[in-house]
Amino acid sequence: MDSNIEFLNTLYQTAKMGEDNIKTILKTVNAQDIKSDLQTQMNGYNTFGYRAQQLMTKYDDVPKENGPMQKMMAYAGVRMNTMKDASPSHIAEMMIQGSTMGIIEETESLKKHPEADEPIQQIARDMIQFEQDSIERLKQYL
């Protein structure tokens, strides 16, 4: 698989996983302040997924979705975590952990694909900054 395509798929799947997990979390959140921050973060993930998808058309390809097993496991993990504790502090902790995993994934992808086209690298750098900003915003709920 072409390195650019592989990199874009990773970015797309990371963004979609973040978006899907927040959709699941939002079903259990009652506190309006964190709910608003989560919706903002979900919209950000949606934008990054769209950017990766649009760039993928330049390479005459389409992004590969996360597999059904991966989606199901993520959904079950989020539901179990929020059933135990749906407090804003616990939700923030879950989201910070998820954003940290995203930063790791995106940073590894940048290092794995140093030859990738600049627009792809820029999406990854933008996603890392977005994740870092999200973590800072969520810290207020801890």
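Tutor: Helices here are DSSP runs of H or I with at least four residues, and strands are runs of E with at least two, both numbered from the N terminus. By that assignment the chain holds five helices and zero strands, and the order from the N terminus is α-α-α-α-α. The model is a predicted one, in which local features need pLDDT of at least 70 and side-chain atom pairs count only at pLDDT 80 or more, whereas totals for chains, interfaces and linings use all residues. Residues are numbered from 1 along each chain as its sequence is written, and side-chain values use heavy atoms, with hydrogens and water left out.

Axes are lines fitted to C-alpha atoms, for helices over the stretch in contact, and angles run from 0 to 180 degrees between N-to-C directions. The crossing of α1 with α5 is left-handed, that is, the near helix is turned anticlockwise from the far one by less than a right angle. On the α1 side, the contact (heavy atoms within 4.5 Å) is made by Asn-4, Phe-7, Leu-8, Leu-11, Thr-14 and Ala-15, while α5 supplies Ile-120, Gln-121, Ile-123, Ala-124 and Met-127. Sorted by class, this contact of α1 with α5 has eight nonpolar, three polar and no charged residues, where Ala, Val, Leu, Ile, Met, Phe, Trp, Tyr, Cys and Pro count as nonpolar, Asp, Glu, Lys and Arg as charged, and the others, Gly among them, as polar.

Helix α1 also packs on helix α4, residues 88-112, at an angle of about 175° and with the axes 10 Å apart, so α1 is roughly antiparallel to α4. Here α1 contributes Glu-6, Phe-7, Thr-10, Leu-11, Thr-14, Ile-22 and Ile-25, and they meet Ile-91, Met-94, Met-95, Gly-102, Glu-105, Glu-106, Ser-109, Leu-110 and Lys-112 of α4. The contact of α1 with α4 divides into eight nonpolar, four polar and four charged residues.

Staying with α4, one of its residues is His-90, which is buried with a relative accessible area of 16%, buried meaning under 20% and exposed over 50%, with partly exposed in between (1.4 Å probe, protein chains only). Apart from its neighbours within four places in sequence, His-90 is in contact with Asn-81 and Asp-85. In helix α2 sits Gly-44, likewise buried, at a relative accessible area of 13%. Asp-60, in the loop between α2 (32-58) and α3 (68-84), is by contrast exposed at 73%, and has a positive phi of about 55° although it is not a glycine.

For the chain as a whole, 45% of the 142 residues count as buried, and the C-alpha atoms fill a box of roughly 45 × 30 × 20 Å along the principal axes. Among contacts between residues at least 6 apart in sequence, 79% join residues at least 24 apart.

Terms used
Parallel < 35°, antiparallel > 145°, perpendicular 65-115°, else oblique.
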